[in-house]
Amino acid sequence: MNASKRVGFAVVGALLAGGLLLAACAAPEGHDAGDVVFHHPGVVVSHGGLRQAKQMVAAGKEPWTSAYRSLLTSRYASLDYTPHPADVVPCPFNSGPQSCLDERQDAIAAYTHALLWSVNGRTAHARKAVQIMDAWSAVMKTHREDNAALQAAWSGSSWARAAEIMNADYPDWGQSRVDRFKRMLRTAYLPAVRTQVPAYNGNWELAMTDAAVSIAVFLEDQVIFRESLERFRARVPAYFYLRSDGPRPMAPQYAAIHTADQVKAYWFDQGTYVDGIAQETCRNLMHVGYALAASAHIAETAWHQGVDLYGEQSARLRTALEFHAKYQLGAEAPPWLCGGKVERTMGPDLEVALHHYETRTGAKLPYTRALVEKTRPAGTDELFVAWETVSHGEAP
């Protein structure tokens, strides 16, 4: 894993040294999951959204048409795509074997073909999606090394999205193969993404929660689903700040980050806190983008299952979206913000959140909309975000 994707070693090291790391589409009603009735497909995408995408592409409407062309011409969409499964995927910090890259790419490819099949109806894409998933479920056993949790999160979220579409609507993915894929997710992914990482940078835990809630829906696991909702509810307020939180950000659960100096170190030497700023803003906007995308994926999946996490965290998420979109678009950073220097490296991360807050609720997010329109059609970040202009473009 290169420097742009690793955990903040200096911060985590300091916390460890100080003994501070304590533990390794009707509108939904209500905030409590209880024993939900799971809806499929319901991991980020739904039948309604897929049907809309299919209709808009067929009618030649934008932004779907351009996004669909980009999707169809990507290397992931080739019917000659060849998966490269491995039984063990060992991913240390900063570097790793080819299997780390292969796993993420193959998971994105499976989702790409599942999405294409939903939009254009070509059975060849359905067969390719399940071929890729079957290849991995036949051999995959575990993730290892320091980056195991994040690697499992990125790949697991894409696998679950692909599997949801295919299992819901493709009758030729035999039950024995579906069950084998479920076993793979339960044994090779869930243990990694449920690991406690309280003092790591927050994009880790949010990506891990994205994968956990996605897998929980596919497995219809009530316990993991509820656990994932609570993890979201705890980490989002510890990652995105609002002045109502008090004079400084709250610490993540189980991480004893209490003093002003500890918080400042954890927030990459940022000591001034304003509405919308994030724990990794002064690291770079790329990692904040990961956190925003993962938060939206979790909330979107919960929405399809009848739980309104979007509403629970509306002020916090909308403010964070606007704050970071503004600076990604080029606004000059004031001296108090990251020493006047912001690294503008955000990827195609905001489509899902924009779709909910503007299309569903009518909220206005001008900076977020401007950034989304500037970066369309949204492609993939090669990690866990893929083709979200196709799936979450605009309202008809």
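**View 1. E205 and R235 are both buried.** Buried here is under 20% relative accessible area, with exposed over 50% and partly exposed in between (1.4 Å probe, protein chains only). This is a predicted model, where local features need pLDDT of at least 70 and side-chain atom pairs count only at pLDDT 80 or more, while totals for chains, interfaces and linings use all residues. Residues are numbered from 1 along each chain as its sequence is written, and side-chain values use heavy atoms, leaving out hydrogens and water. E205 and R235 form a salt bridge, with their closest N and O atoms 2.5 Å apart; the term covers a side-chain nitrogen of Lys or Arg within 4 Å of a carboxyl oxygen of Asp or Glu. E205 sits in helix α8 and R235 in helix α9, so this pair ties together parts 30 residues apart in sequence. (Helices are DSSP runs of H or I with at least four residues, strands are E runs of at least two, and both are numbered from the N terminus.)

**View 2. E205 also meets R231 in a salt bridge, at 2.6 Å from N to O.** This pair links helix α8 (residues 202–219) with helix α9 (residues 222–239), 26 residues apart. E205 counts as buried because its relative accessibility is 8%, and R231 does so at 11%.

**View 3. R283 and E280 pair up too, in a salt bridge of 2.7 Å, N to O.** Both of these residues are buried. The structure holds 19 salt bridges.

**View 4. The largest cavity has a volume of about 50 Å³.** On a 1 Å grid over the protein atoms alone, a cavity is a set of points where a 1.4 Å probe fits but cannot get out, and lining residues have an atom within 4 Å of a point. Grid points are joined across faces, edges and corners, and the volume is the space filled by probe spheres set on them. Among the lining residues are G347, P348, E351 and T375. Helix α15 (residues 366–375) gives the largest share of this lining, 3 residues.

**View 5. The second largest cavity holds about 40 Å³ of space.** Its lining includes L292, S295, Y310 and Y357. At least two lining residues come from each of α11 (285–304), α13 (314–328) and α14 (351–360), and α11 gives the most, with 3 residues.

Technical notes
On a 1 Å grid over the protein atoms alone, a cavity is a set of points where a 1.4 Å probe fits but cannot get out, and a pocket is an open set with protein on both sides within 12 Å along at least five of seven lines; lining residues have an atom within 4 Å of a point.
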